[in-house]
Amino acid sequence: MLKIYNTLAREKQTFTPIVAGKVSMYVCGMTVYDYCHLGHARVMVVFDMVSRWLRASGYAVTYVRNITDIDDKIIKRANENNETIAQLTQRFIDAMDEDSAKLGVLRPDVEPKATEFVSGMLTMIAALIDKGFAYPAANGDVFYAVKNFEGYGKLSGKSLEDLRAGERVEVDTFKKDPMDFVLWKAAKPGEPSWDSPWGKGRPGWHIECSAMSSQLLGEHFDIHGGGQDLQFPHHENEIAQSEAAHGEAAHGHDGASCQMVNYWMHNGFVRVDDEKMSKSLGNFFTIRTVLEKYDAEVVRFFILRAHYRSPLNYSDQHLDDAKLALTRLYTALRGHHVSDSMVDWQHPQAARFKDAMNDDFNTPEAMAVLFDLANEVNKTKSQEATGLLKNLAGVLGLLQRKPDDFLQGEASDALDVERLIQARLTAKKNKNFVEADAIRKQLADAGVVLEDTPQGTTWRRA
RNA sequence: GGCGCGAUAGCAAAGCGGUUAUGCCGCGGCCUGCAAAGCCGUUUAGACCAGUUCGACUCUGGUUCGCGCCUCCA
């Protein structure tokens, strides 16, 4: 039985889908004005793993991950670059697709763009005004009246009083309450805009996700995910919007009668030197930068080797370590022909893997099972263990390449290596070990490690 | 200031009230012409102080330290 840590309840809860056998899941995706960094990689990989496990568990999953393609930063960046917003966003959507594909991330079922759902946002804002949860201000903006939603703060565990006490932002004079947030922004000259009952403008960030999730998954769905930093205010505001808009009562209700989401999942941050990796701190590494140096599967392995809620410290040393660990797994599979068969979940190791994954997606424990299986494969050459190793790893999106493709890489110089290996074998036959060792040294200097086995000599890159 | 999360061996990272986590590194051995890979064994743990318990890394309370959110952020 699957248990999920639900941020809303702050505890692990048994997962029960709204509709038996089906799971609806929405994850906040990227704002596309720049290349994705490792923090984005973690969200993509983590929720890819979640959707894979749900499917492996037999659920029919509808996975929606949105794309924010209209926002202040996008407008600003497009102006700086002298390109249109459409050009800019398409460029970075393409880059994101490239990066995520390399990381073994399967495409979500739906990837809605905010700009294609504006009419739904307008409908929702109108409903919120109608029900007394929002008000148009004199400057053309529309704000959400936070104090009218009694459940405000239930996800992030904050109270309005505490929030107001910690208020650091200059009070916007058009707001009735400093905590009110914008649903609709009046357009400034030269900005892209949509017509609305409140004048030309564009949607606020939070309303995008409320509108897209309800339109694609319904007013009540199973899982909503995202990075920990979205807990407040973004997800809190989504709840306030959706539950207020979809409930019938007006003033003072807490959303209990029209719950938006049953399980809220938040992944931990990627850090650098124990600090959050972020654009504002300037300490971020883009996915493509990292992939210049490290194999994408190593990066995926690195992400899944930690529990999704834990902080994950990025460093070259940790990536190097992940590479060695993954090398051990691929080395175990080398020389074996594994057919893609169904996993026998009765097998003790498979059962252990399943228990780990069902315990709030405990991938580190699941990985430990893979290493135990690798040990068994190395010891017994058991076909069963080998198949299990590959197929269980496949559930995590790992270990699906031919071992030599991983171990030897894109080998443009493979022929030279083979030639030198043959020369060394000849030398060995003639007991000319000085010559044999010289060849091995030559290859080692080129980053090629030789391994003599009873079946012959194999090689891999260091 | 308010709210929340965490502290495990050299590094990374899990489970568990009593029995080997796991990976990398180190050390010893087997294997090997020598290596590498692999196998076997092995050294390093549970921030600190109390309490509960026959027994605590695991539960409770406190202390210290670190991190995050409270502003755009994955």
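This is a predicted model: local features need pLDDT of at least 70, side-chain atom pairs count only at pLDDT 80 or more; totals for chains, interfaces and linings use all residues.
**Entry 1**

Then I turned to the RNA side.

**Entry 2: polar contacts to the RNA**

For the phosphate, I have lysine 276, with a polar side-chain atom 2.7 Å from a phosphate oxygen of RNA strand B. For the bases, I found an N or O atom in the side chain of aspartate 321 at 3.3 Å from a base nitrogen. Aspartate 452 uses its backbone instead: a polar atom there is 3.0 Å from a base nitrogen of RNA strand B.

**Entry 3: lysines over rings**

I came back to lysine 276, and it also lies over the face of phenylalanine 269, 4.5 Å from the ring centre. I noted lysine 279 as well, with its charged end over the ring of tyrosine 33 at 4.4 Å from the centre.

**Entry 4: ring pairs**

How many aromatic pairs does the whole structure hold? My search gave 17. I checked phenylalanine 15 with tyrosine 263: the ring centres are 5.0 Å apart and the planes are at 55°, so I logged the pair as tilted. Phenylalanine 15 is in the loop between strand 2 and strand 3, while tyrosine 263 is in strand 10, so this pair ties together parts 248 residues apart in sequence. Buried or exposed? Phenylalanine 15 is buried at 4% relative accessible area, and tyrosine 263 is buried at 7%.

I then took tyrosine 135 and phenylalanine 143, a tilted pair with centres 5.9 Å apart and planes at 35°. I have tyrosine 135 down as buried, at 7%, and phenylalanine 143 as buried too, at 2%. I also found a cluster linked by ring pairs: Phe133, Tyr144, Phe149 and Phe181.

**Entry 5: cysteines**

I counted 0 disulfides. For cysteine 36, the nearest cysteine sulfur is that of cysteine 28, 14 Å away. Cysteine 36 is buried, at 5% relative accessible area. For cysteine 258, the nearest is the sulfur of cysteine 209, at 18 Å, and cysteine 258 is buried with 13%.

Conventions:
Residues are numbered from 1 along each chain as its sequence is written. Chains are lettered from A and ligands numbered from 1 in the order in which they are written. Side-chain values use heavy atoms; hydrogens and water are left out. A polar contact is a pair of N or O atoms within 3.5 Å; within protein, one must be able to donate a hydrogen and the other to accept it, and residues adjacent in sequence count only if both atoms are side-chain atoms. A disulfide is a pair of cysteine sulfur atoms within 2.5 Å. Buried means under 20% relative accessible area, exposed over 50%, partly exposed in between (1.4 Å probe, protein chains only). Rings of Phe, Tyr and Trp (its six-membered ring) pair if their centres lie within 6.5 Å; planes under 30 degrees apart count as stacked, over 60 as edge-to-face and the rest as tilted. Helices (H or I, at least four residues) and strands (E, at least two) are DSSP runs, numbered from the N terminus. A charge sits over a ring if NZ of Lys or CZ of Arg is within 6 Å of the ring centre and within 35 degrees of the ring normal.
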